[in-house]
Amino acid sequence: MIGLGNYLILSGIIFSIGVVGVITSRNMLKVLLSLELLLAASNLSFVAFSRFNGDYTGQLIVFFVILVAAVEVAVGLAIIVLMYRHFATIQVDELKDLKW
Amino acid sequence: MSITAFFFYFFAAALILASLAVVLARNPLYNVLSLVAAIFALSSLFILLEAFFVGVILILVYAGAVLIFFLFVVMCLNLNSTAMTSINQGRFRLLGAVIGVLFFGEIFLAIQVFLKAGAMPPSSIRGTIETIGQILFTDYLLPFELTSLLLLIAIFGIVSLAKGALSTGVAPTKAGDR
C-alpha cells in the first residue's frame with residue numbers, strides 16, 4: 001500500500017540529492033539545476049499532502065511555485081549569461097570580487 | 001503488488017536516478033536533459049496522486065519552457081571542455097555527501113515521528129482543471145493576478161540586465177566569447 005510516508009520519503013531523497021548538488025557544484029548552471037530539484041521535491045510533498053488531506057490548497061501552491069520558479073530561472077540565467085560575458089567563465093569560485 | 005504500487009516504485013526509481021544524473025553528470029547538456037527526465041517522472045507521480053492539472057502544467061512549463069531555456073543558454077555559452085566540466089574538488093564532494101546523508105537522516109526521522117500519529121487513507125479529491133480553476137479564480141484570485149505583475153517585473157529585470165550590459169559597453173574579457 002502506497003501511503004503518504006512513501007511520497008514523503010521520496011521527496012526527502014530528492015531534496016537531499018538537490019542539497020548535495022548545490023553544495024558540491026562549482027558550475028553556476030548546475031547550482032541552478034539543483035535548485036530546481038529542491039523545488040521539485042517540495043512540490044511533490046505539497047501534492048502528496050494535498051491528496052492525503054483532501055485539500056486542494058497544496059496543488060494551488062504548487063501552481064504558484066512553478067510560476068515563481070520560471071521567473072527565478074529566467075533572471076538567474078540572465079545573470080549567468082552576463083557573468084559569462086564579463087568573466088568568460090561560469091565557475092562559482094571565480095567570483096571573488098565584490099565589485100565588477 | 002498492486003498496479004499503483006508498481007507505478008509508484010517505477011517512477012520513484014526513475015526520479016531518483018534522473019536526479020542523481022543531474023548532480024553527478026559532468027556535461028551540462030546531460031544535466032539539463034536528466035532534469036527533463038526527472039520532471040517527466042515527477043509529473044507521472046503527480047498524475048498518480050490524481051493531481052492532473054498540476055502534472056500537465058509541470059510538463060508544459062518546466063519541460064517545455066524552462067528547461068529548453070536552460071538548453072539555449074548551454075548552447076549560447078559555447079562552453080569548451082575545460083569550462084564545461086565542473087571539477088568537483090574532493091573535499092567539497094566529501095562534505096556534500098556527509099551533509100546530504102545527515103540531511104536525509106534528519107528528514108527520515110522527522111517523517112517517522114510524523115507518521116506514528118496514524119496512517120491517513122488517500123482522499124478522493126481529483127485535481128482536474130475544473131476543480132483547480134474554480135478555486136484559483138475565487139479564493140486565490142488576488143495571488144493569481146499578482147503573479148502577472150511578478151512576470152512583468154521579471155521581464156523588466158531581464159531587459160534591463162541585458163540592455164545595461166550592452167549600453168555600458170561591458171566588453172567580453174576574451175575574444176570570441178559570444
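In what order do the elements of chain A run from the N terminus on? They run α-α-α, with 3 helices and 0 strands in the chain; helices (H or I, at least four residues) and strands (E, at least two) are DSSP runs, numbered from the N terminus. The model is predicted, so local features need pLDDT of at least 70 and side-chain atom pairs count only at pLDDT 80 or more, while totals for chains, interfaces and linings use all residues. Residues are numbered from 1 along each chain as its sequence is written, and chains are lettered from A and ligands numbered from 1 in the order in which they are written.

The C-alpha trace of chain A spans about 55 × 25 × 15 Å along its principal axes. Just after H3(A), A:Ala88 takes a positive phi of about 60°.

Turning to the partner chain, 64 residues of chain A are in contact with 78 residues of chain B, a contact being two residues whose C-beta atoms, placed from the backbone, lie within 7 Å. On the side of chain A that touches chain B, helix H1 (4-24), H2 and H3 of chain A each supply at least two residues, and H3(A) gives the most, with 23 residues. What covers the buried residues of H3(A) includes helix H2 (28-53) of chain A together with helix H3 (52-77) and helix H6 (129-136) of chain B; a residue is buried if 20 or more other C-beta atoms lie within 10 Å of its own, exposed if 12 or fewer, and partly exposed in between, with C-beta atoms placed from the backbone. Among these buried residues are A:Leu60, A:Phe63 and A:Tyr84.
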